[in-house]
Amino acid sequence: MSPTIDITTVEALTENIEERRAFVLTAHPDDSEFMCGGTVALLTAVGWTVDMLIATNGNKGTKDPRRTPQMLAAEREEEQREAARILGANEPIFLGFGDGALRADDELRGLVVRQLRRLRPMLVITWDGFRPGFNHRDHRHIGQATYDAIWPDTDDRLFFPEQIEEEGLEPHRPQMMLLAGATEPDVYVDIESVLETKVRAVSAHFSQVGRTPEQLMQAWRERAATEAASRGEDTSDLPRYREAFRRIEWPRQPRRRPPLRTRRAR
Ligand SMILES: [Zn+2]
């Protein structure tokens with residue numbers, strides 16, 4: 001039997017979240033547009049502040065022998081800035097690791113903890129770093145580092161204490177995390193109304209996207225229809241485009257309880 005599918009709007013999804021601040025953490029320039037560009041556009045449209053962190057500089061991923069890694073990295077950072085502008089997000093934060101070189105180690109976790117304490121998001125969106133089967137190495141590592149950074153590290157002043165003592169940051173705990181690329185998503189955000197904005201944001205990544213916005217839109221519509229049909233939904237009407245996530249929530253009170261785990265987490 002297939003699991004219950006929760007199709008929702010961003011307003012319903014975030015109705016219990018106390019402050020409108022979201023933070024999207026990804027591995028590469030273009031990840032955030034593909035995985036949650038629609039959700040980000042919907043959030044910023046209703047007044048959310050959305051920050052983005054891109055852990056690598058995207059200095060690989062070209063078939064053009066004339067392009068050096070440095071040229072590609074500069075180009076991809078600029079593409080990411082334009083995509084963020086289109087979605088209404090803030091200027092992205094780039095950690096500058098080499099493409100393919102991410103590791104979910106203490107260094108990366110500390111860098112993520114610092115940004116979580118600085119930006120204080122209530123909603124965090126990242127890759128599912130724990131999904132079984134194939135997963136891009138960098139996606140796995142940023143997903144795991146973010147997951148581990150949120151709890152317990154960010155909320156405990158004895159983790160990375162120099163950030164508290166020397167940089168004046170304070171512990172923080174988000175309320176909700178959405179994991180993209182999950183094998184078994186449990187929430188689907190309806191992004192039909194901003195699909196065109198998402199296509200424009202993805203298309204800002206010229207160096208990576210070999211299709212026109214119209215071709216992209218057509219391909220996504222066909223995929224949405226195929227996926228809806230495979231779930232046994234009626235597709236005679238326009239297939240509505242969605243972004244799929246696995247949701248994790250942390251209780252606000254009492255403060256000392258561990259997080260509510262997902263079914264798969266141990
Ligand atoms: Zn990626």
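**Burial and overall size**

A: Of the 266 residues of the chain, 42% count as buried. A residue is buried if 20 or more other C-beta atoms lie within 10 Å of its own, exposed if 12 or fewer, and partly exposed in between, with C-beta atoms placed from the backbone. This is a predicted model: local features need pLDDT of at least 70, side-chain atom pairs count only at pLDDT 80 or more, and totals for chains, interfaces and linings use all residues. Residues are numbered from 1 along each chain as its sequence is written.

Q: What makes the chain as compact as a globular protein of that length?
A: The chain has eight helices and eight strands; these are DSSP runs (helices H or I, at least four residues; strands E, at least two), numbered from the N terminus. Its radius of gyration is 18 Å, close to the 18 Å that the globule rule gives for 266 residues, so the chain is as compact as a globular protein of that length. The radius is taken over C-alpha atoms, and the rule is 2.2 Å times the number of residues to the power 0.38. Along its principal axes the C-alpha trace spans about 55 × 50 × 35 Å.

Q: Why are E1 and E4 said to stand at the edges?
A: The open sheet of eight strands runs E1-E7-E8-E6-E5-E2-E3-E4, with mixed pairing. Strand E1 (7-8) and strand E4 (93-97) each have a single partner strand, so one side of each is left without a neighbour in the sheet.

Q: How do you know that E2 and E3 pair?
A: Two strands pair if DSSP finds at least two bridges between them. Strand E2 (residues 21-26) and strand E3 (residues 49-56) have six bridges, in the parallel sense. Ala 22 stands opposite Val 50 in E3. Helix H2 (residues 31-45) packs on the sheet, touching E2 and E3 among others. Its direction makes about 175° with that of E2; axes are lines fitted to C-alpha atoms, for helices over the stretch in contact, and angles run from 0 to 180 degrees between N-to-C directions.

Q: In which senses does E7 pair with E1 and with E8?
A: E1 and E7 are parallel, over two bridges. E7 and E8 are antiparallel, over four bridges. Tyr 188 stands opposite Ala 244 in E8, and Ile 7 stands opposite Tyr 188 in E7.

Q: What makes a set of residues a nonpolar core?
A: Its members are buried Ala, Val, Leu, Ile, Met, Phe, Trp, Tyr and Cys residues joined through C-beta atoms within 7 Å. Of the 58 residues in the largest one, those touching the most other members include Ala 22, Val 50 and Ile 125. The largest share of this core, six residues, comes from H2.

Q: How do you know that the span of helix H8 agrees with its length?
A: The expected span is 1.5 Å times one less than the number of residues. For the 18 residues of H8 (residues 213-230) that gives 26 Å, and the end C-alpha atoms are 26 Å apart, which agrees.

Q: Why is Phe 160 called buried and Arg 120 partly exposed?
A: Phe 160 has 21 C-beta neighbours inside 10 Å, so it counts as buried. Arg 120 has 17 other C-beta atoms within 10 Å, so it is partly exposed. Neither is a glycine, yet phi is positive at about 45° for Phe 160 and about 55° for Arg 120.

Terms used. Contact = placed C-beta atoms within 7 Å.
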